[in-house]
Amino acid sequence: MMESIGEIIKYGDLLYMMVWRDIRIKYKQSVIGIMWAVFMPMVIVGTGILVRYGFALASHAPVDFNDLAAVSVKAVPWAFFVSTIRFSTGSLVGNPNLVTKIYFPKIIFPISSMFSQMFDLAIASGLLAVVLAFMRIGLSVHLLWVPILLALLVLCATGMGILLSAANLFYRDVKYLVEVVVTFAIFFTPVFYDVSMFGKWAYIFLLNPLAPILEGIAACVVHHRMPQIEWILYSAAASLAIFACAFAFFTKLEPLFAERI
Amino acid sequence: MKTSETVLEMDHVAKKFKKGEAFDSLRDLIPALSGRVFTRKKRSLAEHEFWALKDVSFQVARGEAFGIIGPNGAGKSTILKLLCRVMKPTEGRIVVNGTMSALIEVGAGFHPDLTGRENIFLNGAILGMKKEQIRKRFDEIVEFSGLADFIDTPVKRYSSGMYARLGFSVAAHVDPDILIVDEVLSVGDHLFQVKCGQKMKQIKEDAGATVIFVSHNLRAVAELCDRLLLLERGECVQLGPPGEVINSYLNRILQRPVSFTHGVGISKVTVRGRTGEQVHFESGEKAWIEIEVCATKHVSGLGLAIGFKTQDHWSFFDTSTSRLGKRTFSVGPDRTVRYTFELDLHLGPGSYYFDVALYRYDAQMIFDEFLQAGTLMISTEKAIHGIANLYPVAYEQDDISDTFELMRSRPGVA
């Protein structure tokens, strides 16, 4: 494992170039250009606000401004997670020439897919920060949790991406499976809702390793309180496990890629 | 050949592939797996496998140019893929000492939407260059490709020749210890091909790099390589100096079973020069092409035709026994006929091949056709291009008036 990590570091420049290529291509010959980075989160935020408004109407409770802010704060990382997984899954299959003809650590493909999505995440987050500032959400010490939570999110997304990119190389219908799962996963992940709404059943939703991360981000950005440490630790362990398994799986199967693509 | 420094070694390498389609979707895999569980029948794997390489061993020394030739499907590309580590051998061991740049497909990493400039950086990184290194050599790469005017155009608007030129230029400037080249010279125009050949020679001689070269262009292989490996159906047939290996390769192609669909066929074609059977000729030399015809039944009224073509299949010369004023001949089970065409090879440098046909003129019928029956490789003393050799000489005169004097002194010129 250390050996493969060393190799990846050696190919750092290539990783940089691949990320740059993906970003470059995405915004070339596109009408709205850089706006794509905020388009997807905006759709999710819009949907989320609509859903929350519906909840409020149904329960005859006033629309809480903070709830809307929480939806937006969770939607942006969620959009990053979903697009990383989508993009990574096809990353090996989409470059057959490079997989079969030239040697370099192939794990660069899913990793660079993640980084190029991170570029979108950065733009969307910047915009969101401006919006939140206008909404007078305010600052607190708990904001220091955000980088840690984002790191966990990145670890989890990269792990899933690595795993799925290799799986899709061997079995092409993995891609369709991913599409279906990713489309409906939003119902099983607290993006539009909070786990606290489910009372004592909340822990079932928190078993989804993404849930504590998203809830944690909402907690420290919007509600200015500590995330639930025990659940964050659970998420960290799960993400690390996913990443380690994916990495081992990928490097073990890598020599077969050129034959089986 | 054992040298002080071996940079590349293949030790009893074998590679097995599975024939037919593997399960490439879960939808197919799951029924297949459950089927196997229920029927408890083991599929015999042996018949679905084939060996692309069998027990291949060779060593390449630093600074050596090593060529691999052989018919299609011999396993040449598999060797290259094993060497550059995109595949792992089923058996055996491969040792590589040094950095490697593989030109298995020119511009493999190019993205059509990016410009030439962007693709140079991308492709350079893919081939293992550092960003700083690419920046330093950028101008050289552009200059070598000759695409300075189009460097900010997306490569999707490039012609295939331009694409290949840019691809080769990047790969040639990686400064690898080992350069692997697969059939790149088949693209691009003649001048660029020559330039590629020179560049490869230069990489080998100046930088002391090792070159592994796979090509069907026997002339290019012969010119560049110090040693050749002849591969056939995954097995090493011969390893040695280019001249010998190419000759035996061509001879192996020529040994063909006679088809006898019409009871008569061309059984053997031999190319002879002054020194005997040969492939390499100097321009202007004489060559004798011997054609043997045999038959299982008596056939008469036969003629032989021979047609020459360039490497790009442009037919430039043909003749036949009847056009040369020979009478038709007959063959039978008891009678084998040998015809010889004597030719003066006033040809330009390059390699040419010829087809032979056995026909019956009055019946307008071709009995047997031997396509690509043989190859001639021509070299010239002077650097000229083209298929003909007009034996050019250039003079320089300081004083133009001399020329007029000369012309005036000639009879018939006013």
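Me: What area do chain B and chain A bury between them, and how much of it is on carbon and sulfur atoms?

Reply: In this predicted model, chain B and chain A bury about 3000 Å² between them, with 62% of it on carbon and sulfur atoms. The contact takes 36 residues from chain B and 32 residues from chain A.

Me: Why is the area lost used here?

Reply: The size of an interface is often given as the accessible area lost when the parts come together.

Me: How many salt bridges are there between chain B and chain A?

Reply: The count is three salt bridges between chain B and chain A.

Me: What makes the meeting of Glu118(B) and Lys28(A) a salt bridge?

Reply: The side chains of Glu118(B) and Lys28(A) are 3.0 Å apart, N to O. The cut-off is 4 Å between a side-chain nitrogen of Lys or Arg and a carboxyl oxygen of Asp or Glu, so the pair qualifies.

Me: Why is Ser88(A) called buried?

Reply: The relative accessible area of Ser88(A) is 1%. Buried means under 20%, so Ser88(A) is buried. The residue Ser88(A) has its place in helix H4 (residues 65–89) of chain A.

Me: Which residues is Ser88(A) in contact with, leaving aside its neighbours within four places in sequence?

Reply: With those neighbours left aside, Ser88(A) is in contact with Pro110(A), Ser113(A), Met114(A), Gly161(A) and Ser165(A). Contact here means heavy atoms within 4.5 Å.

Me: Which residues have the most contacts inside the largest nonpolar core?

Reply: Ile79(B) and Ile212(B) have the most contacts inside that core, which has 110 residues. Helix H2 (residues 12–27) of chain A gives the most to this core, with eight residues. Apart from it lies another core, of 48 residues, including Ala69(A), Cys156(A), Ala167(A) and Ile232(A).

Me: What is Ile79(B) in contact with, leaving aside its neighbours within four places in sequence?

Reply: Beyond those neighbours, the contacts of Ile79(B) are Met10(B), Leu53(B), Val56(B), Phe58(B), Ile68(B), Leu229(B) and Leu231(B).

Me: What is the strand order of the open sheet of six strands in chain B?

Reply: The order is E5-E6-E7-E3-E8-E9, with mixed pairing. Strand E5 (100–103) and strand E9 (235–240) of chain B each have a single partner strand, so they stand at the edges. From one strand to the next, the twist averages 15 degrees.

Me: How do you know that strand E6 and strand E7 of chain B pair?

Reply: Pairing needs at least two bridges. Strand E6 (residues 178–182) and strand E7 (residues 210–214) of chain B have five bridges, in the parallel sense, so they pair. Within this pair, Leu179(B) stands opposite Val211(B) in E7(B).

Note on methods
Residues are numbered from 1 along each chain as its sequence is written. Chains are lettered from A and ligands numbered from 1 in the order in which they are written. This is a predicted model: local features need pLDDT of at least 70, side-chain atom pairs count only at pLDDT 80 or more; totals for chains, interfaces and linings use all residues. Side-chain values use heavy atoms; hydrogens and water are left out. Helices (H or I, at least four residues) and strands (E, at least two) are DSSP runs, numbered from the N terminus. Axes are lines fitted to C-alpha atoms, for helices over the stretch in contact, and angles run from 0 to 180 degrees between N-to-C directions. Buried means under 20% relative accessible area, exposed over 50%, partly exposed in between (1.4 Å probe, protein chains only). A nonpolar core is a set of buried Ala, Val, Leu, Ile, Met, Phe, Trp, Tyr and Cys residues joined through side-chain atoms within 4.5 Å. Buried area is the accessible area (1.4 Å probe) that two parts lose on being put together, summed over both.
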